[in-house]
Amino acid sequence: MKGTEVMKFPRTRARFARVFFGLGAACLIASASGTAAVVGDKDWMPVEPSQMALKEPVVEKDADAEALFWQVRVADELDGSTPRTVLSHYVRIKVFTERGRESQGRVDIHFGKVGRVNIQVKDIAGRTIKPDGTIVELKKEDIFERTIVKASGVKVKARSFIMPSVEPGAIIEYRWREVRGDSIAHYLHLDFQRDIPVQLVKYYIKPFTGRYFDYGMRAQFFNGQLAPFQKEKEGFYSTTLTNVPAFREEPRMPPEGVVRPWLLVYYTEETNLTSEKFFKEYGKRLYAATKPLLKVNDDVRKATTEIIGDAQTPAQKLEKLFDYCRFNIKRSNDDASGLTAEARDKLKDNKSPADTLKRGIGSDRDIDTLFGALAVAAGFEVRVANLADRSEAFFDRGFPDDYFLNMYAIAVLMDNNWRFFSPSSTYVPFGMLPWNAEGGEALISDPKEPTFVMATVSSPEKSVEKRSAKLKLSDDGTLEGDVRIEYHGHAGADIKELNDDDSPAEREERLKNGIKARMSNAEISDIKIENVTDPVKPFTYIFHVRVPGYGQRTGKRLFFQPAFFQRGIGPLFKTSGRKYGVYFHYPWSEDDSVTIELPEGFTLDNAEAPAPFNGGASSDYIARIQVTKDGRTLYYLRKFQFGVGSQAGLNFEAGIYPNLKVFFDMLHKQDNHTLSIKEGAAGVKTAAQ
């Protein structure tokens, strides 16, 4: 991901703040005042007659709605003595069609944990200006909260509302304050694209001035070309982007930081360092900052000996230390710890691994560094490593800043290779990292020669969906029986994160909705959902299913699909072309076993299985069909894996899309393989019998 530096602002004296594993300076942006065009004014901006008269979109000719402008004022405020960054947004949209009314009538403003930032949303106001000039205000009581599951599978919270009286030809506008108040505030990520075209995006920014340390503010733009900053009154700078096309999310696309235009505003004391020198100095500072956190004393040594016990190999020793930290040390920020918010606030900070060991509770950092200290006591060479987060963007070592190295893990030297561990990542198995940390570069801290290494990508068999079904097919085509589905590795971590804060009823409803989306008349009962929050055991669904009409009766023949778990699933890629590349989060595998008891008096016409195929050395598909000698029971076995040997995060450029589509279309075709049985006919001998 390449960025373009669009501005080196005059050096200011900016407050200096360091955070653990993110050694950057605090970004404090001053507020605007006195200009009618600034978003924070209490009154709405005037609506021009040309805006009311606009009949067609300007940016994209077929757009159903278009933002006339999106202006943002960036300001700082003090919450007590703590600075917080506030973005005041103001959006004005012209609606052209009924589809525009439907798409823009509901507004969702995300809050909570959005990416790496904690966001609050306040002071929402909105209104609709009808074609005849009538104004209808948004009522406060019509604003509510809901949870949204994005196409990527990520859950986000939103403040939502329905704009009143929207119709084609109307203008809708709304504004809100976005408050960012956590330690990441020394970096400011500013977006420039919405889900509809925008005629004008404009930001007002003022570098902070203070009496502390001499730091310069910089702005780096990604995924496009930004107009030069313009100096405004009272020390402000403004920047604009015009005629911005709509952002349309595509299935399995790269992270948004790679494809959407955005601006990074940050402060730095480094003025002329090359990237190589920057990361070398940063790695040294990281080593100095984290060395005390791996300190070993007599208590840690004694505990290490007891935990390791009779383990012999290095891997066995590390796994025992890993499991101890995961199961015996409570995560202070986890609801499962049983702590109330009040009790959590009263917890003392752990100053050393010995404190974490003694108290049996700690932050994610405490748990990971305790594991590191135990490993040191066991004789391993250990470092803290910073890693790039592949869910946000792709790390570019040519950008001299640690912004993209925002994850960390404990690096242990084994067989002359660095292996990474994070026992605080609750649902990730031993020997794996969260998927977004695997396959990216990691900076190993060191007092002399910090170095970059690649974090290994876990193989497909570690993230397997293992599915089995014992079913009975009736002569009217009804299929009924018991099903078990297990999710392991990254697949298990993903579905646990999706379900762990839901109620049992919500979890069951999600399962039912998922099955009914494939087979609308399916009846699901006797549901059991196991190991939702268990760190080790696979997330498991167990249920009874009945599907009327699963088999299609034609005369004396009954046609059915043996691949029960793929029934009703459409092609992975539906469009002939796409704008963005294809990005798979991690390699995975699928292992299906389906037993179907055939109706009495029916025999198979044949038991031919779909043909195997592969995508070179990186993926393969094989299915087998077997029938018992009496012809009454059919066994369907299916194995599929994708991403064998991948070390690049499974990222494919858009030009490769046609080939990927052909591959997954073939998979879809094979999974829809149909068998037929005939009433009252002699069975056909096959090689599978």
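Reader: Which residues have the most contacts inside the largest nonpolar core?
Author: Quick ground rules: this is a predicted model, where local features need pLDDT of at least 70 and side-chain atom pairs count only at pLDDT 80 or more, while totals for chains, interfaces and linings use all residues. Residues are numbered from 1 along each chain as its sequence is written, and side-chain values use heavy atoms, with hydrogens and water left out. A nonpolar core is a set of buried Ala, Val, Leu, Ile, Met, Phe, Trp, Tyr and Cys residues joined through side-chain atoms within 4.5 Å, where buried means under 20% relative accessible area, exposed over 50% and partly exposed in between (1.4 Å probe, protein chains only). The largest such core has 80 residues, and those with the most contacts (heavy atoms within 4.5 Å) inside it are Phe543, Phe560, Phe564, Phe642 and Phe664.

Reader: Take Phe642, then: which residues is it in contact with, leaving aside neighbours within four places in sequence?
Author: Phe642 is one of the residues with the most contacts in that core. Setting aside neighbours within four places, its partners are Pro460, Phe584, Pro587, Trp588, Ser618, Ser619, Leu650, Phe652, Leu660, Phe663 and Phe664.

Reader: What about Gln566, is it buried or exposed?
Author: Gln566 lies in the loop between strand E29 (557-560) and strand E30 (582-583); helices (H or I, at least four residues) and strands (E, at least two) are DSSP runs, numbered from the N terminus. Beyond four places in sequence, Gln566 touches Arg467, Arg518, Gln561, Glu590, Asp592, Arg638 and Asp671. Its relative accessibility is 6%, so Gln566 counts as buried.

Reader: How do H6 and H9 run relative to each other, roughly parallel or antiparallel?
Author: The axes (lines fitted to C-alpha atoms, for helices over the stretch in contact, with angles from 0 to 180 degrees between N-to-C directions) of H6 (residues 314-328) and H9 (residues 364-377) come within 9 Å and cross at roughly 150°. Angles under 35 degrees count as roughly parallel, over 145 as roughly antiparallel, 65 to 115 as roughly perpendicular and the rest as oblique. So H6 and H9 are roughly antiparallel.

Reader: Which residues of H6 and H9 make that contact?
Author: On the H6 side, you're looking at Leu318, Leu321, Phe322, Tyr324 and Cys325. The H9 side brings Ile367, Leu370, Phe371, Leu374 and Ala375.

Reader: H5 also meets H9; which residues in H9 are involved?
Author: The axes of H5 (residues 298-308) and H9 come within 9 Å and cross at roughly 80°. That makes H5 roughly perpendicular to H9. From H5, Val300, Arg301, Ala303, Thr304 and Ile307 meet, in H9, Ala373, Leu374 and Ala377.

Reader: What separates the C-alpha atoms of Lys280 and Thr451?
Author: Lys280 lies in helix H4 (residues 275-290) and is partly exposed, at 32% relative accessible area. Along the chain Lys280 and Thr451 are 171 residues apart, yet their C-alpha atoms are separated by 7.7 Å.

Reader: Which residues does Val536 touch, beyond four places in sequence?
Author: Val536 sits in the loop between strand E26 (523-530) and strand E27 (539-547). Its relative accessible area is 54%, so Val536 is exposed. Beyond four places away, it touches Phe327 and Lys496.

Reader: What is the phi of Asn416?
Author: Most residues other than glycine have a negative phi. Asn416 is in the loop between strand E20 (407-414) and strand E21 (417-421) and counts as exposed at 75% relative accessibility. Although Asn416 is not a glycine, its phi is positive, about 65°.
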